[in-house]
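Thanks for coming. Please have a look at it first.

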Amino acid sequence: MAELTEAAGRSVTQTTGGLMPLALSDEATTPTPLAPLVGRPDQVAETLAAFRDAGLHHVILSPFYGVSPEQQPEDLAAVERLLERFMSEVVPALGESVK
């Protein structure tokens, strides 16, 4: 991503971020370009690590945008459980580079 940014004439020091759907499951899924963070926690961590290594600095996670209706949390308590699972199972797999 840094190479593409430089080639476009922009500063590499600019922060790069993105809005991504988030849904965690116990079953393996095939990520899609529009829903790369949908799947098992280890899959999501691997995908996030690849984005980080490509130069992504910030991610806004959405349990609704881009997530199929059956994968969306049914209430605020389900959103809280999703985020707790993300923090306990995905973030530790990303190592020290996560803030």
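Start with helix α2: its 13 residues should span 18 Å at 1.5 Å a residue, and its end C-alpha atoms are 18 Å apart, which agrees. The expected span here is 1.5 Å times one less than the number of residues. Helices (H or I, at least four residues) and strands (E, at least two) are DSSP runs, numbered from the N terminus.

Before going further, a word on the source. This is a predicted model, so local features need pLDDT of at least 70 and side-chain atom pairs count only at pLDDT 80 or more, while totals for chains, interfaces and linings use all residues. Residues are numbered from 1 along each chain as its sequence is written, and side-chain values use heavy atoms, with hydrogens and water left out.

Back to α2. Which residues of α2 are buried? They are Pro41, Gln43, Val44, Ala45, Thr47, Leu48 and Ala49. Buried means under 20% relative accessible area, exposed means over 50%, and partly exposed is in between (1.4 Å probe, protein chains only). The buried residues of α2 pack against β2, β3, β4 and α3. Contact, here and later, means heavy atoms within 4.5 Å.

Glu46 also lies in α2. Is Glu46 buried or exposed? Glu46 counts as exposed, because its relative accessibility is 61%. The C-alpha atom of Glu46 is 8.2 Å from that of Ala93, although the two residues are 47 apart along the chain. After α2 comes Gly55, which has a positive phi, near 115°.

Now helix α3. It has 19 residues and reaches 26 Å from first C-alpha to last, close to the 27 Å expected at 1.5 Å a residue. Where does α3 bend? The bend is at Met87, by about 35°; that is the angle between axes fitted to the seven residues ending there and the seven starting there.

The buried residues in α3 are Ala78, Val79, Leu82, Phe86, Val90, Val91 and Leu94. As background, an α-helix has 3.6 residues a turn, so residues three or four places apart point the same way. The buried residues of α3 pack against β2, α2 (41-53) and β4.

Next, the charged pairs. Side chains of opposite charge can pair when their charged atoms come close. For this talk a salt bridge is a side-chain nitrogen of Lys or Arg within 4 Å of a carboxyl oxygen of Asp or Glu. How many salt bridges does a search of the whole structure find? It finds five.

Asp26 counts as exposed because its relative accessibility is 64%, whereas Arg85, at 22%, is partly exposed. Asp26 and Arg85 also belong to a network of salt bridges together with Glu89.

Arg52 and Asp53 form another side-chain salt bridge, at 3.2 Å from N to O. Arg52 is partly exposed at 32% relative accessibility, and Asp53 is exposed at 62%. A further one is between Arg81 and Glu74, at 3.4 Å from N to O. Arg81 is partly exposed, with a relative accessible area of 47%, and Glu74 is exposed at 62%.

On to the surface. Leu19, Ile60 and Tyr65 form a nonpolar patch with about 330 Å² of accessible area together. Patches are made of residues with over 30% relative accessible area and no salt bridge; like charges are joined within 9 Å, and nonpolar side chains (Val, Leu, Ile, Met, Phe, Trp, Tyr) within 5 Å. Accessible areas come from the Shrake-Rupley method with a 1.4 Å probe, and for residues only the protein chains shown count as cover.

Tyr65 sits in the loop between β4 (58-62) and α3. Leaving out residues up to four places away in sequence, Tyr65 touches Leu19 and Pro21. Tyr65 and Ala35 are 30 residues apart in sequence and 9.3 Å apart in space, C-alpha to C-alpha.

Last, the whole chain. There are three helices and four strands, running α-β-β-β-α-β-α from the N terminus. Of the 99 residues, 31% are buried. The chain exposes about 6600 Å², with carbon and sulfur atoms supplying 56% of it.
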